[in-house]
Amino acid sequence: MKLNLGCGLAQKPKDEGWVNVDRLALPGVDKVTDLFAFPWTFATSSCEEIYAGHIAEHIPHEWKWADGEDWPDDVDWWVGRLAGLDGFFAFFAEAWRVLVPGGKMRVVGPYGMSHGAMQDPTHTRFLVPQTFEYLVRQEAVDFDYRLPFAFKIVDGGMTFVGECAPMVDWATNKMGEGREKNALLSRVSWLVDHTWNMAQTLTVVLEAVKDGI
């Protein structure tokens, strides 16, 4: 099974194993559910892939419990671990629970320093690459919240807009030539971090780490 969370009308092919999930009963939606009520109705380790497009920036800090009668049979051990978590962590905890070991989750959202991040009044948070480092098991650092789950960041990128795109293409070509790769990477990274609206969207691919947890 593959889950397309908060799909709206941006649905994925059912014949490829995708289940399109949304809180609204829109045409083509396979499962109507509130993804900000936990735990979800999907069984533990039942999903091989998750796509979460433009939903993470909407996750509320204060979330609610799902109806206990709708809980999967195998989550009694889990619900206590969700208590007290910020909504962001509870959302990704549920994604981790339903993923198989090594299952992948692709998260797409507006880059935090962009018009897309600021313009929607229903956004609750700003996403930058470092946001997702909080989902990775850390040792002896200030921002390790000792979460009951862990991901590994396996891929990611950004979509650049306007006059910024040619500069990024130029830097990429130079890196392909092997010229001053570290210096160019550092320069592009600095510009993205310090230039408003240079990047429009952010993509992060997470892998569920279940060994020893």
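Which residue stands opposite Val-32 in E3? In the present structure, a predicted model in which local features need pLDDT of at least 70, side-chain atom pairs count only at pLDDT 80 or more, and totals for chains, interfaces and linings use all residues, the residue opposite Val-32 in E3 is Asp-22. Residues are numbered from 1 along each chain as its sequence is written, and side-chain values use heavy atoms, with hydrogens and water left out.

The secondary structure comprises five helices and nine strands. Helices (H or I, at least four residues) and strands (E, at least two) are DSSP runs, numbered from the N terminus. From the N terminus on, the order of the elements is β-β-β-β-β-β-α-α-β-α-β-α-α-β. The protein has 213 residues, of which 42% count as buried; the term buried denotes under 20% relative accessible area, exposed over 50%, and partly exposed the range in between (1.4 Å probe, protein chains only). Among the contacts (heavy atoms within 4.5 Å) with a separation of 6 or more, 68% are between residues 24 or more positions apart.

Strand E2 (residues 18-22) is mostly covered, with four of its five residues buried. Two strands are taken to pair if DSSP finds at least two bridges between them. Strand E1 (residues 2-5) pairs with E2 in the parallel sense over four bridges, and Val-19 in E2 is the bridge partner of Leu-3. E2 also pairs in the parallel sense with strand E3 (residues 31-32), over two bridges. In a regular strand the side chains alternate between the two faces of the sheet.

Aromatic pairs were assigned to rings of Phe, Tyr and Trp (its six-membered ring) with centres within 6.5 Å; planes under 30 degrees apart count as stacked, over 60 as edge-to-face and the rest as tilted. The count by this rule is 18 aromatic pairs. In one of these, the ring centres of Phe-88 and Phe-89 are 5.8 Å apart and the planes are at 70 degrees, so the pair is edge-to-face. Phe-88 is buried at a relative accessible area of 5%, and Phe-89 is buried at 11% relative accessibility. An edge-to-face pair is also formed by Phe-92 and Phe-132, with 6.1 Å from centre to centre and 85 degrees between the planes. Because Phe-92 lies in helix H2 (residues 87-98) and Phe-132 in the loop between helix H3 (115-119) and strand E8 (150-160), this pair ties together parts that are 40 residues apart in sequence. Phe-92 is buried, with 0% relative accessibility, and Phe-132 is buried as well, with a relative accessible area of 1%.

Charged groups are also placed over aromatic rings; the criterion is NZ of Lys or CZ of Arg within 6 Å of the ring centre and within 35 degrees of the ring normal. The charged end of Lys-12 sits over the ring of Trp-18 at 5.3 Å from the ring centre. For Lys-210, the charged end sits over the ring of Trp-96, at 4.9 Å from the centre.

Asp-86 is located in the loop between helix H1 (79-82) and H2 and is partly exposed, at 27% relative accessibility. With residues up to four places away in sequence not counted, Asp-86 touches His-61, Trp-63 and Arg-125. The side chains of Asp-86 and His-61 are joined by a polar contact of 2.8 Å. A polar contact is a pair of N or O atoms within 3.5 Å; within protein, one must be able to donate a hydrogen and the other to accept it, and residues adjacent in sequence count only if both atoms are side-chain atoms. The C-alpha atoms of Asp-86 and Trp-63 are separated by 7.8 Å, and the two residues are 23 residues apart along the chain.

Several backbone features complete the description. Phe-38 and Pro-39 are joined by a cis peptide bond, with omega of about 0 degrees; Pro-39 lies in the loop between strand E4 (37-38) and strand E5 (47-53). Ser-45, in the loop between E4 and E5, has a positive phi near 55 degrees although it is a residue other than glycine. Ser-45 is partly exposed at 34% relative accessibility. Arg-146, not a glycine, has a positive phi of about 55 degrees. Arg-146 is found in the loop between H3 and E8 and is exposed, with a relative accessible area of 56%.
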